[in-house]
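Please look over the notes below alongside the model.

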Amino acid sequence: STSVLGPSSAELNQGKATLMCVANKGFPSDWSLSWKTSDSSGSSSIRGEESRTPGVLQNDGLYSWSSTLTLTADQWGKVGSVTCEATQGSQTLVSEILRRDQCSQS
């Protein structure tokens with residue numbers, strides 16, 4: 001399963017927006033997380049700075065991963081939706097979409 005967490009209003013007041021994607025209960029360990037962002041019209045993508053963590057083995061024998069996407073507050077203001085995709089090889093297995101208008105601080 002994956003979940004995407006939006007930026008906090010305190011962070012936006014500082015001029016940046018960090019989004020986090022968390023995926024857990026996966027196996028094997030060679031999954032990766034990637035981001036896709038689109039503006040409110042859906043016509044163009046917005047580039048941010050991505051960072052990822054390798055899979056971490058949990059007590060139940062399954063793995064969890066996380067990835068963050070950092071945008072400026074101005075970029076976040078133009079975002080229509082953000083998608084975090086969990087992929088294994090060439091296959092996209094799970095994706096989670098966060099719309100900016102779903103976030104209370106937008």
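1. Asp101 counts as exposed, at 58% relative accessibility. Here buried means under 20% relative accessible area, exposed over 50%, and partly exposed in between, with a 1.4 Å probe and protein chains only. The side chain of Asp101 meets that of Arg99 in a salt bridge (3.7 Å, N to O). Arg99 is partly exposed, with a relative accessible area of 41%.

2. This is a predicted model, in which local features need pLDDT of at least 70, side-chain atom pairs count only at pLDDT 80 or more, and totals for chains, interfaces and linings use all residues. Residues are numbered from 1 along each chain as its sequence is written, and side-chain values use heavy atoms, with hydrogens and water left out.

3. How many salt bridges does the structure hold? There are four, a salt bridge being a side-chain nitrogen of Lys or Arg within 4 Å of a carboxyl oxygen of Asp or Glu.

4. One of them joins the side chains of Lys25 and Asp60 (3.1 Å, N to O). Lys25 lies in strand S2 (residues 16-26) and Asp60 in the loop between strand S5 (56-57) and strand S6 (63-72), so this pair ties together parts that are 35 residues apart in sequence. Strands (E, at least two residues) are DSSP runs, numbered from the N terminus. Lys25 is exposed at 59% relative accessibility, whereas Asp60 is partly exposed at 43%.

5. Glu50 and Arg52 also meet through their side chains in a salt bridge (2.7 Å, N to O). Glu50 counts as partly exposed, at 29% relative accessibility. Arg52 is partly exposed too, at 48%.

Terms used
Helix = DSSP H or I, 4+ residues; strand = E, 2+ residues; numbered from the N terminus.
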